[in-house]
Amino acid sequence: MFKLSLYTSPSPKSKYVEDPESQLEETIFHLRHSLAPYAAWVQDCTGKAMPKVEKACEYVKESYEIIKAPPPGFYPRLGVIGFAGIVGLFLARGSKIKRLVYPISFMGIGIAVYYPQQTVAVAKVTGLRLYDWSLQAYISLESLWKDSSKKKKSAKASSKSNAESDKELKVQEERAVK
C-alpha cells in the first residue's frame, strides 16, 4: 500500500493541457463577434421602443374598458362622428387632398360638438406644437438662406480674384514674348 507523507507534497506529474479549438467552435466565435454590433443595435432599439409599446398597451386596455362598459350615450355619439367622416368622404370628390381634409374636418367638428373640453385641451397642445414646428422651420430656412448667400458672395469674390490673376498672367506672358 502506498502511503503519503504528511510533511511532503506529491510531485506534480500531471499537466493541464487545453483542447485545441475545433472548427465548429471557431466558426461560432467568428459568428458571435460579427453579429455583436447588430445585437447591440437591436437591444438599443428595443430599449427605446419598449416604453412606447407599454404605453400603447395601456391605451388599448383603457379603450377596451371604455368599450366594455361605455358611458351613457357613447355609441350614438360615436355613430354621429363616424357618419360625419363618411359624409366628408362622400363630399371629397376630386383631389386627394380633399379626401384627406374633409373627413378629418367633419369628424373634428363632430368631436368638438360632443366633447368641447377635450377639444379645447387638444387644440391648445396642437397649437403649441404647430408653433414650435413653424419656428424651427423658419430658423432652418433662415440659416439655409444665409448660407447660400454667403456661398454666392464667396463664389463671386473668388471668380473676380481668378479673373484678375488671369489678367496678370496674360500681361506677364506678353512681356515674356516681347
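Predicted model: local features only at pLDDT ≥ 70, side-chain atom pairs only at ≥ 80, totals over all residues.
Residues are numbered from 1 along each chain as its sequence is written, and side-chain values use heavy atoms, leaving out hydrogens and water. Local features need pLDDT of at least 70 and side-chain atom pairs pLDDT 80 or more, while totals for chains, interfaces and linings use all residues.

**Exercise 1.** Work out which pattern the protein chain follows along the sequence.

Solution. Start with the count: 4 helices and 0 strands (DSSP runs, H or I of at least four residues for helices, E of at least two for strands, numbered from the N terminus). Now read along the chain, and you get α-α-α-α.

**Exercise 2.** Describe how α2 and α3 pack, starting from their axes.

Solution. Take α2 as residues 74-91 and α3 as residues 96-114. Their axes (lines fitted to C-alpha atoms over the stretch in contact, with angles from 0 to 180 degrees between N-to-C directions) come within 7 Å and cross at roughly 155°. The two helices are therefore roughly antiparallel (an angle over 145 degrees). Next, look at who touches whom (heavy atoms within 4.5 Å): α2 brings residues including Arg77, Val80 and Ile81, and α3 brings Arg99, Tyr102 and Phe106 among others. Finally, sort the contact residues: 12 are nonpolar, 3 polar and 2 charged.

Methods. Parallel < 35°, antiparallel > 145°, perpendicular 65-115°, else oblique. Nonpolar A, V, L, I, M, F, W, Y, C, P; charged D, E, K, R; others polar.
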